[in-house]
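Here is a short report on one structure.

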Amino acid sequence: PLFFIFSLNKAVFLDIIWGFLILGSFSYIVAKKQNNSPLKAVLEHSIMLGFVITITYYVGIIIQKLFMS
């Protein structure tokens with residue numbers, strides 16, 4: 001829904017930041033409850049989220065080139 005308020009590029013950027021914040025918060029809470037290292041859990045999940053975002057971006061570019069040419 002942020003794209004109703006902001007431009008598309010800004011909304012995507014804010015949604016990515018929002019996703020990192022939510023994932024980091026939940027990872028921290030769960031790690032603390034399970035007596036695990038919160039730093040390790042947050043880093044692990046943030047790195048995975050970074051990979052997912054990167055892969056999704058490049059798959060989108062490939063799909064765009066296939067169907068827009």
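The side chains of S27 and H45 meet in a polar contact of 3.0 Å. A polar contact is a pair of N or O atoms within 3.5 Å; within protein, one must be able to donate a hydrogen and the other to accept it, and residues adjacent in sequence count only if both atoms are side-chain atoms. The model is predicted: local features need pLDDT of at least 70, side-chain atom pairs count only at pLDDT 80 or more, and totals for chains, interfaces and linings use all residues. Residues are numbered from 1 along each chain as its sequence is written, and side-chain values use heavy atoms, leaving out hydrogens and water.

**Around S27**

S27 sits in helix α1, residues 8-33. Helices are DSSP runs (H or I, at least four residues), numbered from the N terminus. Is S27 buried or exposed? S27 is buried because its relative accessibility is 6%. The cut-offs are under 20% relative accessible area for buried, over 50% for exposed, and partly exposed in between (1.4 Å probe, protein chains only). Leaving aside residues up to four places away in sequence, S27 touches A41, V42 and H45. Contact here means heavy atoms within 4.5 Å.

**Pairs across the sequence**

Three further residues of helix α1 are N9, F13 and I29. N9 is exposed, at 66% relative accessible area. F13 is exposed too, at 52%. I29 counts as partly exposed, at 43%.

| Pair | Separation in sequence | C-alpha distance |
|---|---|---|
| S27 and H45 | 18 residues | 7.3 Å |
| I29 and A41 | 12 residues | 9.7 Å |
| F13 and I53 | 40 residues | 11 Å |
| N9 and S46 | 37 residues | 21 Å |

**The nonpolar patch**

Which residues make the nonpolar surface patch? They are L39, L43, I47, M48, F51, I55, V59, I62, I63, L66, F67 and M68, and the patch covers about 1300 Å². Patch residues have over 30% relative accessible area and no salt bridge; nonpolar side chains (Val, Leu, Ile, Met, Phe, Trp, Tyr) are joined within 5 Å, like charges within 9 Å. A salt bridge is a side-chain nitrogen of Lys or Arg within 4 Å of a carboxyl oxygen of Asp or Glu. Areas come from the Shrake-Rupley method with a 1.4 Å probe. F67 is exposed, with 67% relative accessibility.

**The aromatic pair**

How many aromatic pairs does a search of the whole structure find? It finds one. The partners are Y57 and Y58, arranged edge-to-face, with 5.1 Å centre to centre and 75 degrees between the planes. Rings of Phe, Tyr and Trp (its six-membered ring) pair if their centres lie within 6.5 Å; planes under 30 degrees apart count as stacked, over 60 as edge-to-face and the rest as tilted. Y57 counts as exposed because its relative accessibility is 52%.

**The loop**

N35 lies in the loop between α1 and α2. Its phi is near 55 degrees, a positive value in a residue other than glycine. Most residues other than glycine have a negative phi. N35 is exposed, at 72% relative accessibility.

Methods. Helices (H or I, at least four residues) and strands (E, at least two) are DSSP runs, numbered from the N terminus.
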